[in-house]
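Work through the exercises below with the sequence and the model at hand. Each task is followed by a worked solution.

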Amino acid sequence: LAAGSGIPEIKCYLNGVDFPSVVGLHTLMAKACGIVFSVSAGLPCGKEGPMIHSGAIIGAVVAGLRIDTLIKPFIRTQE
């Protein structure tokens, strides 16, 4: 699922279609390597779509981390 810009896949994912591999780390690595090599080779490709897809993957990964359990010891509660 790393082919193309990734914007239609992200729109489907945001609308509730279950694509588990759209926001996976393997897709991010394939997308990053593909865009780096294609731009460095001088191929005409847009970089906006892959950057949107990469940002969505990073956002999904960060949202999937249980940050609240990591920062819970540092939060003071008023008693």
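**Exercise 1. State how many helices and strands the protein chain has, and in what order its elements run.**

Solution. The protein chain has four helices and zero strands, where helices (H or I, at least four residues) and strands (E, at least two) are DSSP runs numbered from the N terminus. Read from the N terminus, the order is α-α-α-α. The model is predicted: local features need pLDDT of at least 70, side-chain atom pairs count only at pLDDT 80 or more, and totals for chains, interfaces and linings use all residues. Residues are numbered from 1 along each chain as its sequence is written, and side-chain values use heavy atoms, with hydrogens and water left out.

**Exercise 2. Find where confidence in the protein chain is lowest and where it is highest.**

Solution. Start with the chain: its mean pLDDT (the predictor's confidence in each residue, from 0 to 100) is 77, and 86% of residues reach 70 or more. Then go by element: confidence is lowest in helix H4 (residues 67-71), with a mean of 70, and highest in H2, with 83. Where pLDDT is low, the predicted coordinates should not be read in detail.

**Exercise 3. Describe how H2 and H3 cross, and which residues meet there.**

Solution. First, the axes (lines fitted to C-alpha atoms, for helices over the stretch in contact) of H2 (residues 25-40) and H3 (residues 48-64) come within 10 Å and cross at roughly 150°. Angles run from 0 to 180 degrees between N-to-C directions. Under 35 degrees counts as roughly parallel, over 145 as roughly antiparallel, 65 to 115 as roughly perpendicular and the rest as oblique; H2 and H3 are therefore roughly antiparallel.

Next, list the contacts (heavy atoms within 4.5 Å). From H2 come Leu 25, Thr 27, Leu 28, Lys 31 and Ile 35, which meet Pro 50, His 53, Ser 54, Ile 57, Ile 58 and Val 61 of H3. Sorted by class, this contact has seven nonpolar, three polar and one charged residues. Here Ala, Val, Leu, Ile, Met, Phe, Trp, Tyr, Cys and Pro count as nonpolar, Asp, Glu, Lys and Arg as charged, and the others, Gly among them, as polar.
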